[in-house]
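Please keep the model open while you read this note. Each point takes one part of the chain.

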Amino acid sequence: MTGVRVRRVVTSRSGGVSAAPYDSFNLGDHVGDDPAAVEANRRRLAEGIGLPFERLVWMEQIHSRNVTVVDGPVDGPVPATDALVTKVPGLALVTLSADCVPILLSDDEAGVIAAVHAGRIGARIGIVPKVLGAMIEHGARPERIGAFLGPAASGRQYEVPAAMQADVEKFLPGSATRTAKGTPGLDLRAGLRRQLLAAGVSGVAEDPRCTIEDPTLFSHRRGAPTGRLAAVIWMDPSGSE
């Protein structure tokens, strides 16, 4: 069966109009940046991916396991959610991050996509199983779902107290690691990859960049306040592959 054409984009720090410390392509409207600059950057993103500005759907991310299904443009950010699911072509789902893990999911055959914000808290409390369940309710099948994990804090740099590491590992096996300094750390992408594959997802691709190490990306841990990068997924409205 012919599937839809799914597009994915991850932004970087460069190419926008925001002043320091949000320089320059900050897409977060909740970090203290000039709202006019954020809107200009968001319009630049829409233009860059070839969709009308109003077709981008944003979230009020709260580190929850809330999942929202959207079937059209939304006025303002979707309240209190950390995952978006849609079956509507030409509707771009956006997740913002600056160390947390952005996850983009798609069943190209069923025409179901999702964007997920998975930080330490959301990953620990099960945002991924919740969003997979919502996708399946809308016609997706685990063995057809492909996942993409975007840039995030790496296990080399994400240092946490030993008790926190043990707690997250209990709920997200495979995430505990040692940092480059030999201290307790978390590799959330490793734990999420393991969780996705255990759920039957067909494959997990990953952008290996560490937000803490890479100065071309925003990192809250490296230097707050700072901006937010976006990971975006949408189905090409022009038709199937």
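1. Which backbone nitrogen does the side chain of Ser 64 reach? The side chain of Ser 64 reaches the backbone nitrogen of Asn 66, at 3.0 Å. That is a polar contact (a pair of N or O atoms within 3.5 Å; within protein, one must be able to donate a hydrogen and the other to accept it, and residues adjacent in sequence count only if both atoms are side-chain atoms). This is a predicted model, where local features need pLDDT of at least 70 and side-chain atom pairs count only at pLDDT 80 or more, while totals for chains, interfaces and linings use all residues. Residues are numbered from 1 along each chain as its sequence is written, and side-chain values use heavy atoms, with hydrogens and water left out.

2. Ser 64 sits in the loop between β2 (56–57) and β3 (68–69). Helices (H or I, at least four residues) and strands (E, at least two) are DSSP runs, numbered from the N terminus. Ser 64 counts as buried because its relative accessibility is 9%. The classes are buried (under 20% relative accessible area), exposed (over 50%) and partly exposed (in between), with a 1.4 Å probe and protein chains only. Beyond its neighbours within four places in sequence, Ser 64 is in contact (heavy atoms within 4.5 Å) with Thr 81, Asp 82, Gly 122, Ile 125 and Ile 127.

3. Now Ser 175, in the loop between α4 (162–171) and β9 (176–178). Ser 175 is buried, because its relative accessible area is 0%. A polar atom of its side chain lies 2.8 Å from the backbone oxygen of Leu 172. Leaving aside neighbours within four places in sequence, its contacts include Val 168, Glu 169 and Gly 185.

4. Look next at helix α1 (residues 35–49). At its start, a side-chain oxygen of Asp 34 reaches to within 3.1 Å of the backbone nitrogen of Ala 36. Among the buried residues of α1 are Val 38, Asn 41, Arg 42 and Leu 45. An α-helix has 3.6 residues a turn, so residues three or four places apart point the same way. Gly 50 follows α1 and has a positive phi, near 80°.

5. Ala 80 lies in the loop between β3 and β4 (83–86). Asp 99 lies in the loop between β5 and β6 (101–107). Ala 80 is partly exposed, because its relative accessible area is 30%. Asp 99 is buried, because its value is 10%.

6. Check the cis peptide bonds. One runs from Asp 23 to Ser 24, with omega near -5°. Ser 24 is in the loop between β1 (4–10) and α1. Another joins Ala 224 and Pro 225, with omega about 0°. Pro 225 is in the loop between β11 (203–206) and β12 (229–240).

7. Last, the lining of the largest pocket. A pocket is an open set of points on a 1 Å grid over the protein atoms alone, where a 1.4 Å probe fits, with protein on both sides within 12 Å along at least five of seven lines; lining residues have an atom within 4 Å of a point. The largest pocket has 22 lining residues. His 63, Cys 100, His 117, His 220 and Arg 228 lie nearest its centre. β5 (92–97) and α2 (120–125) each give two or more residues to this lining.
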